[in-house]
Amino acid sequence: MLDALTVAIGVAALALAAWCGFAALRDQPTKDWHFIGMAVVTVLVLAQLVIGLVQLARGEKPDEGSVIFVAYLLGAFAAVPAAGLLSLTERTKWGSVTVAAGAVVLAVLEVRLYDIWGTTGA
């Protein structure tokens, strides 16, 4: 997989987590700007999903198996949008906390994806 994209997604996810965490500290719900940030992160993860599936289709294999790799790719793709949807139902600071938590989960999933892919697929 593309290491640079994985790092970029991790950094973007942590930036989103910090941004939404700061909003929560100020007792603010998620706002339109937060959703734009979530969309940017989601587009990056969509690119990673497509690249990962293309590499699998070309015959490249992750170190820890294709099934677990695809499961983590799908989980990473769903993390931020799911948190964003949940934040719409909770229009208090806890909506911002939810997005921050979802973004941290995405960053952790990115580290795990890097481990699952390993060095043989690079």
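Residues 66–88 are 100% helix and 0% strand, with end C-alpha atoms 34 Å apart. Keep in mind that this is a predicted model: local features need pLDDT of at least 70, side-chain atom pairs count only at pLDDT 80 or more, and totals for chains, interfaces and linings use all residues. Residues are numbered from 1 along each chain as its sequence is written, and side-chain values use heavy atoms, leaving out hydrogens and water.

**What the record says**
- UniProt, in an unreviewed entry, lists residues 33–54, 66–88 and 94–114 as "transmembrane region"; such annotations may be inferred rather than shown by experiment.
- Residues 33–54 also come out as 100% helix and 0% strand, and their end C-alpha atoms sit 32 Å apart.

**Helix α2**
- Helices here are DSSP runs (H or I, at least four residues), numbered from the N terminus.
- α2 has 26 residues and reaches 37 Å from its first C-alpha to its last, close to the 38 Å expected at 1.5 Å a residue (that is, 1.5 Å times one less than its number of residues).
- Just after α2, G59 takes a positive phi of about 100°.

- I36 belongs to helix α2 and is partly exposed, with a relative accessible area of 45% (partly exposed lies between buried and exposed, which is over 50%).

Terms used: Helices (H or I, at least four residues) and strands (E, at least two) are DSSP runs, numbered from the N terminus. Buried means under 20% relative accessible area, exposed over 50%, partly exposed in between (1.4 Å probe, protein chains only).
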